[in-house]
Amino acid sequence: MSSILDDQLRLMALKQYGLIKSIKTPDISYADLILILKNTENETIKQLAAEKLLKETNIYDIYKADLELILKNTENETIKQLATEKLQYLNSHPRLGWAGAMARANRLGRFHSESTKD
């Protein structure tokens with residue numbers, strides 16, 4: 001529940017600052033870009049967020065689900081092609097995708113809390 005509220009507050013802050021301006025900020029977080037991508041209907045904003053995610057995120061640090069989200073949420077063929085290529089690469093190297101996911105989860109401090117939910 002608190003993470004939903006955190007996301008809503010972060011999204012409100014991003015909107016207040018301006019989504020496009022936020023996306024263009026050099027130190028915008030991966031999580032904020034995904035949040036913007038998931039919660040906007042504006043195609044230009046979706047395209048900018050997806051492009052930044054694809055171009056500035058290391059292949060090992062991006063989740064397959066996020067690549068699929070990008071494919072689902074953008075109409076831009078160049079971005080779709082780039083996301084498809086990265087997804088194919090991760091699918092052909094499943095350990096790299098898993099290792100990247102683990103590294104990212106550890107970096108975010110979520111691995112322990114996620115692994116103890118069951």
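Residues are numbered from 1 along each chain as its sequence is written, and side-chain values use heavy atoms, with hydrogens and water left out. Because the model is predicted, local features need pLDDT of at least 70 and side-chain atom pairs count only at pLDDT 80 or more, whereas totals for chains, interfaces and linings use all residues.

**Overall fold**

The protein chain has eight helices and zero strands, where helices (H or I, at least four residues) and strands (E, at least two) are DSSP runs numbered from the N terminus. Along the sequence this gives the pattern α-α-α-α-α-α-α-α. Of the 118 residues in the protein chain, 34% count as buried; here buried means under 20% relative accessible area, exposed means over 50%, and partly exposed lies in between, using a 1.4 Å probe and protein chains only. Among contacts in the protein chain with a separation of 6 or more, 54% are accounted for by residues 24 or more positions apart, a contact being heavy atoms within 4.5 Å.

**The nonpolar core**

A nonpolar core is a set of buried Ala, Val, Leu, Ile, Met, Phe, Trp, Tyr and Cys residues joined through side-chain atoms within 4.5 Å. The largest one holds 25 residues, of which Ile-36, Leu-53, Leu-54, Ile-62, Leu-67 and Ile-70 touch the most other members. At least two residues of this core are supplied by each of helix H1 (2-17), helix H2 (19-24), helix H3 (30-38), helix H4 (43-56), helix H5 (64-73) and helix H6 (77-92), and the largest share, six residues, comes from H3. When its neighbours within four places in sequence are left aside, Ile-36 is in contact with Leu-14, Leu-19, Ile-23, Ile-28, Ile-45 and Ala-49.

**Packing of H3 against H4**

H3 and H4 pack at an angle of about 150°, with their axes 9 Å apart; axes are lines fitted to C-alpha atoms, for helices over the stretch in contact, and angles run from 0 to 180 degrees between N-to-C directions. The two helices, H3 and H4, are therefore roughly antiparallel to each other, a label given to angles over 145 degrees. On the H3 side the contact is made by Tyr-30, Leu-33, Ile-34, Ile-36 and Leu-37, and on the H4 side by Ile-45, Lys-46, Ala-49, Ala-50, Lys-52 and Leu-53.

**Salt bridges**

Side chains of opposite charge can pair when their charged atoms come close. With a salt bridge taken as a side-chain nitrogen of Lys or Arg within 4 Å of a carboxyl oxygen of Asp or Glu, the count comes to five, and the table includes three of these.

| Pair | Closest N to O distance |
|---|---|
| Arg-10 and Asp-7 | 2.8 Å |
| Glu-56 and Lys-52 | 3.9 Å |

Arg-10 and Asp-7 both lie in helix H1, three residues apart, which is about one turn of the helix. Arg-10 is partly exposed at a relative accessible area of 29%, and Asp-7 is partly exposed at 31%. Asp-7, Arg-10 and Asp-32 are linked in a network of salt bridges.

In helix H4, Glu-51 and Lys-55 are four residues apart, about one turn of the helix; Glu-51 is partly exposed, with a relative accessible area of 26%, while Lys-55 counts as exposed at 60% relative accessibility. Glu-56 and Lys-52 are likewise separated by about one helical turn, because they stand four residues apart in helix H4. Glu-56 is exposed, with a relative accessible area of 57%, whereas Lys-52 is buried at 11%.

Definitions and conventions:
Angles under 35 degrees count as roughly parallel, over 145 as roughly antiparallel, 65 to 115 as roughly perpendicular and the rest as oblique.
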